[in-house]
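Biologist: I am new to this structure. Please walk me through how to read it.

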Amino acid sequence: MKTLSRLSRSARLPPSPFLRFLSSSHTFPTPNSIEGRNYDHGSIDVHTHCYLPRYMEVLRNRHPNVPYVIPDLRDPKLDERYVILPGEDNDPTSAVGRPIGEEYFCVKEKLRYMDRHGIAISVMSLANPWLDFLPKGDAVAMSTLLNDDLQEISDDSNGRLYGFATLATQDPEAACKEVERLATSQRKIKGVILGTSGAGMGLDDPALEPLYETLAKHNFPVFLHPHYGLGNEHYNNTGHSLFLALGFPFETTMAISRLILSGAFDRHPNLKFLLAHAGGTLPFLAGRLDSCVSGDVEMCDKLKHPPTYYMKKNFYYDSVIYTTPALQSVIDLVGSDKLMYGTDNPFFPPKEGARSDAEWPSTAKNYDAIDGLEDESVKNAIVYGNASKILGIDLLK
């Protein structure tokens, strides 16, 4: 297995010129222009990913150990293929992986996609599985390098790109130090992205308490994103479909429910989480969670408030939910001021190809879900206003 220690030269090279975005060579869209839609400003996308070039080099040197990226064996001229999900390589319907091209790691492709879809500003984050698969020391070193790369990209973007930092949660002490460094020196880093594994024992692991304290102290929100799935034994022979559609939101729901019941938000009342995919199934099971906790004397006495109290106070939600009724139900539960627009780009590209001029159906569906709401002020708040206020992002003029 090739780990970062065996890739020390490539992993520690200065940022590649490929990372740089030269604003003088790019035409920016009018911020208030979203084709066919009536908003006061272009959107702010808080759920958008990028596999930075430095990270891609690690993935290209890992086969056959998941996660990995390999050339398309059917035709070397095609995009590479990536295999990242647990067990994906053992299922005949998913073992071939998915195509991965420049839309995953090229900044200009990200900006071209943004222009096509009226996205004025993106808060980029490394996509799963982040650094979970690396040994502790390698993960710590890579975390700093990737975060500095992300900051450089953001600085070169004329205010269009920001970032959520990547942490080596295998080493909570080092993760705390990285948050301290970022919070005091990197203006374009607006929080961190975490998976559900934490230091290997889940988000409710006591070893993460110092990290939560540090994040809360610096008002750094956690963008929580799934990767490992839940109920995976039921998804064989369905490709990626059920793993992503069901396994991901179930994973988020379980991880956050356990974190709530651990009392973390009583101990860290200023700790904030942004939940991917509109919180998974958590908003729809909120009443049942409250009811079951209230009927459990031990759990009820452990918490100062019902679970839905924390869902309203400590959580934000992206809008990656695709339908108006589902989006409205989240609004009804937590309030419209807790939602922010997201796309999940560069996943779910159009059939015509990610680098075509075609509209991305998944992006359009998330706009359509917002368009279906009745209140114009709520639409504008979700599309750009809430993110600007919550994350402290200046709108483009």
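Biologist: What covers the buried residues of H3?

Modeller: First, the ground rules. This is a predicted model, where local features need pLDDT of at least 70, side-chain atom pairs count only at pLDDT 80 or more, and totals for chains, interfaces and linings use all residues. Residues are numbered from 1 along each chain as its sequence is written, and side-chain values use heavy atoms, with hydrogens and water left out.

Modeller: Now the terms. Helices (H or I, at least four residues) and strands (E, at least two) are DSSP runs, numbered from the N terminus. Buried means under 20% relative accessible area, exposed over 50%, and partly exposed in between (1.4 Å probe, protein chains only). Contact means heavy atoms within 4.5 Å. The cover over the buried residues of H3 includes strand E1 (43-49), E5, H4, strand E6 (161-166) and H13.

Biologist: Which residues of helix H3 are buried?

Modeller: Start with the general idea. An α-helix has 3.6 residues a turn, so residues three or four places apart point the same way. In helix H3 (residues 107-116), the buried residues are Val107, Glu109, Lys110, Leu111, Tyr113 and Met114. After H3 comes Gly118, with a positive phi near 70 degrees.

Biologist: How many residues does the largest nonpolar core have?

Modeller: A nonpolar core is a set of buried Ala, Val, Leu, Ile, Met, Phe, Trp, Tyr and Cys residues joined through side-chain atoms within 4.5 Å. The largest one here has 112 residues. Those with the most contacts inside it are Tyr51, Val192, Leu215, Ile256, Ile260, Phe273 and Phe315. Helix H7 (residues 241-261) gives the largest share of this core, 8 residues.

Biologist: What is Phe273 in contact with?

Modeller: Leave aside its neighbours within four places in sequence. Then the contacts of Phe273 include Leu203, Tyr212, Val222, Leu224 and Ile256. Phe315 and Tyr316 are also among them.

Biologist: At what angle do the axes of H5 and H6 cross?

Modeller: Two packed helices are described by the angle between their axes and the distance between the axes. Axes are lines fitted to C-alpha atoms, for helices over the stretch in contact, and angles run from 0 to 180 degrees between N-to-C directions. Helix H5 (residues 172-185) and helix H6 (residues 209-217) have axes that come within 9 Å and cross at roughly 10 degrees. H5 is therefore roughly parallel to H6. Angles under 35 degrees count as roughly parallel, over 145 as roughly antiparallel, 65 to 115 as roughly perpendicular and the rest as oblique. From H5, the contact is made by Ala175, Cys176, Val179 and Glu180. From H6, Pro210, Leu211, Thr214, Leu215 and Lys217 take part.

Biologist: How many disulfides does the structure hold?

Modeller: A disulfide is a covalent bond between the sulfur atoms of two cysteines. The test used is a pair of cysteine sulfur atoms within 2.5 Å. The structure holds 0 disulfides. For Cys106, the nearest cysteine sulfur is that of Cys50, 8.5 Å away. Cys106 counts as buried, at 9% relative accessibility. For Cys292, the nearest cysteine sulfur is that of Cys300, 12 Å away. Cys292 is partly exposed, with a relative accessible area of 45%.

Biologist: Which peptide bond is cis, and where is its proline?

Modeller: Most residues other than glycine have a negative phi, and most peptide bonds are trans. The bond from Asn128 to Pro129 is cis, with omega near 10 degrees. Pro129 sits in the loop between strand E5 (119-125) and helix H4 (136-155). The bond from Asn345 to Pro346 is also cis, with omega near 10 degrees. Pro346 lies in the loop between strand E11 (339-340) and helix H13 (361-371).

Biologist: Is His277 buried or exposed?

Modeller: His277 counts as buried, at 15% relative accessibility. This residue is not a glycine, yet His277 has a positive phi of about 55 degrees. Tyr322 is not a glycine either, and has a positive phi of about 80 degrees. Tyr322 is partly exposed, with a relative accessible area of 30%. Its place is the loop between strand E10 (315-318) and helix H12 (324-334).

Biologist: Where does Leu289 lie?

Modeller: Leu289 lies in helix H9 (residues 286-294). Leu289 is buried, with a relative accessible area of 17%. Not counting residues up to four places away in sequence, Leu289 touches Ser257, Leu282 and Pro307.
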